[in-house]
2 protein chains.
Amino acid sequence: MKRWLIENAILITMDPQRPVVNGWMAVEGTAIAAIGDGAAPEKEKRTAEETIDGRGHLFMPGLINTHGHAAMTLLRGLADDLNLQDWLQNHMWPMEAKFTGDDVYWGTSLAAAEMILSGTTTFVDMYDHMDRVAEVVRDSGLRASLTRGVIGLCPPDVQQAKLDNAVGFAKDWHGEADGRIQVMMSPHAPYTCPPDYIEKIVAAAHELGLPLHTHMSETEAEVEQNVRDYGVRPVEHLDRLGLFSRPALVAHAVHLTDEEIALLANRNVAVSHNPVSNLKLASGVARVPELLRAGVTVSLGTDGAASNNNLDLFEEIRMAALLHKGVSKVPTVVPAAEALRLGTSYGAKAIGLEGVTGMLKPGLKADFIAVSIEKAHFVPATDYVSHLVYAASGADVAHMWVDGRQLMRNRELLTLDVERIRREAQRCFERLRA
Amino acid sequence: MKRWLIENAILITMDPQRPVVNGWMAVEGTAIAAIGDGAAPEKEKRTAEETIDGRGHLFMPGLINTHGHAAMTLLRGLADDLNLQDWLQNHMWPMEAKFTGDDVYWGTSLAAAEMILSGTTTFVDMYDHMDRVAEVVRDSGLRASLTRGVIGLCPPDVQQAKLDNAVGFAKDWHGEADGRIQVMMSPHAPYTCPPDYIEKIVAAAHELGLPLHTHMSETEAEVEQNVRDYGVRPVEHLDRLGLFSRPALVAHAVHLTDEEIALLANRNVAVSHNPVSNLKLASGVARVPELLRAGVTVSLGTDGAASNNNLDLFEEIRMAALLHKGVSKVPTVVPAAEALRLGTSYGAKAIGLEGVTGMLKPGLKADFIAVSIEKAHFVPATDYVSHLVYAASGADVAHMWVDGRQLMRNRELLTLDVERIRREAQRCFERLRA
């Protein structure tokens, strides 16, 4: 296995034991082998097959996007500034109904390119035609947790076919691409899946030993509908259906009572906070300071590009740091270091990859990015964690490695043909719109 | 005067008569000479001394940042996530007290570099050592409205010296640099200037024929203090002192009653909305939908880099489009086109430059930028106004012209030595911190 070295580096490790290291990092094969302060030891230099001078960059774990629908990049900018039901029923769903496997392949490829260009090394994707998504993950070199999101508002045989499809996908792809692909099971949402269908999906997750992912309490209206239909709010409803009996990740979780927050904490349910999408769709502002205080693992997601409208997770990190201060009127909530954890180490924990990715630490996978600091907005050199959160953007990411393999060098993509992807995505969009 | 031509261009003009033009634009000297659809006429091609192929770019008016303290870039990242009074009294003010003219020159140069790199062609600056700020504007080629912000919590002779300094600056610099520099008069805020001092500054503005600028109602605490000290809220207080008897621009305006909004509209007072700074300092969320509905001219400011922490106005545009939807729970407020107007045409109006800059229109100054769209996050080509607002960042700006002169070409600064500026700004910061 190739062992190589980065010298003269500022490492923002996200490891609470040693958050910032001015020194060196050795990578062997797919993993981080060693990290140290100051100059690299002679032994490391002799062993290294290649040495990179880290000056002018910050090295940090790749970002982790814990909720999205990658292929929806094809619908970016198609319909903005509309009421949610109008947006969904008259614009998104009619277009999505036309999506073929080819559309999903190129839309996801566009998303993969955009994520690499903005520093995301691991992403969660809930969609359809998941085989084609998995192909993109395999070929792009990214790490992902993939899940066939199933909507159960259909006859029992169609429900069963969808569940079979999700189970088949899990059997085919969980652990594939050198372990870079993980699979979750996903009832789309409590308001789109009847209770007995959710129970079947939970049973399948138990059989397969997989985590569960779902949309939950994104809007006030769906919470009210849950109470009308089932007599309880969504957290209690899902808890009764067993959704939290497996490791679970819920997206949005905007509208929560104190009791619901306590129950999520008690059941070790992780939350994917999607602040930009929640603002754009006017869903509201999640109670992130309270969730964090209760000990809930909060991570960050972009949601689909149609409600964001980009996949730059640096923007979610900054939004998480800014929004909750302004809305709560407490300037000390979600400080910069915490916001950066939401986008890295907490993201890994939220999808069961704690100890695998999300930190720079010996033994963890070599999933990391180099952020160029030779830019006006990184001056002066006061506090690089602050600069990453409050001043940086995805465009500052120069290099990326995942599983020890370089995916981007000086903003050039090494595994994807971005010009072809842009062309094919445009072609897919034009066919869908026709 | 040189006449030159851009062909094959998508022009996002911000001109309500013809918002998007697929065609060409001719520039003569400092101004836009003509705009047309389709292919450029033969006569234009013959007359043009130079022709630029606009393919792969959107051309739009340069952004207008209507509130800031440019030299505060030197304090970027110095102290974040603190309570406002702690931040101001223990971190900002002690450092700022040490600022020399040299610090202001290099801090402002850093800000100018950052603004050019992110698409801002015109900025408002309220600070001290304004001669040095004016030098940066003159030499960088930017357009600016500059103002010596005076704090009146001092003995009468010091008050008078500050006012004399502000008047002297106005006499020396208003209309200089080929008219690119305008000057305003600025009492810092109602809570830092006694009423009689504000009246003196208003009188000076009348004598000089200049607009007025001030901070107003940024925090709830200062509104309460105003009521305690003067028996009325800040808008009525400033109205009584004559501040709105000249064209006026107030920064922040976060905490307003319906009556105050009506009074601002009635007096034609413009507002500089600073959403990122207001969130970061936990000041709250301004009532922008209500201000716009009342007919108030709302524009956008970054505020100083210490409370933002960058000067990328694309971020303010996106934040204005997102934040008010989420907080009001109405997804149709501040739609994309309106958000873009806040950062361009409304910005020009807010500082008395309507008909001068802020649109692409024959007769207006040639202040514009070219945004590269050959990027993943600009695909598919659905709606470029949406993409500029919801997907773009300052890093997408490739070229800039101000007053017909090119300031940036392919992200290379043509008037500023950014490497030297970064070095000098770092040196200034280290001396200040020592």
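Here is a short tour of this structure, one selection at a time.

Before you click, note that this is a predicted model, where local features need pLDDT of at least 70, side-chain atom pairs count only at pLDDT 80 or more, and totals for chains, interfaces and linings use all residues. Residues are numbered from 1 along each chain as its sequence is written, with chains lettered from A and ligands numbered from 1 in the order in which they are written.

**Stop 1: chain A**

You'll find 16 helices and 18 strands (DSSP runs numbered from the N terminus: H or I of at least four residues for helices, E of at least two for strands). Its radius of gyration is 21 Å, close to the 22 Å that the globule rule gives for 434 residues, so chain A is as compact as a globular protein of that length. That radius is taken over C-alpha atoms, and the rule is 2.2 Å times the number of residues to the power 0.38. Along the principal axes, the C-alpha atoms of chain A fill a box of roughly 65 × 45 × 40 Å.

**Stop 2: the core**

Buried residues (20 or more other C-beta atoms within 10 Å of their own, with C-beta atoms placed from the backbone) make up 62% of chain A. Now pick Met25(A) and Met25(B): they have the most contacts inside the largest nonpolar core, which has 310 residues. Such a core is a set of buried Ala, Val, Leu, Ile, Met, Phe, Trp, Tyr and Cys residues joined through C-beta atoms within 7 Å. Leaving aside neighbours within four places in sequence, the contacts of Met25(A) include Ile6(A), Phe59(A) and Leu360(A) (contact means C-beta atoms, placed from the backbone, within 7 Å).

**Stop 3: where the chains meet**

Show both chains. How many residues does the contact take from chain A and from chain B? It takes 52 from each. On the side of chain A that touches chain B, select helix H16 (418-433); H16(A) gives the most there, with five residues. Other elements giving two or more residues include H3 and helix H12 (313-328). Also, 100% of the interface residues of chain A are interface residues in chain B too, so the copies meet through the same surface.

**Stop 4: the axis**

Technical notes:
A residue is buried if 20 or more other C-beta atoms lie within 10 Å of its own, exposed if 12 or fewer, and partly exposed in between; C-beta atoms are placed from the backbone. Two residues are in contact if their C-beta atoms, placed from the backbone, lie within 7 Å.
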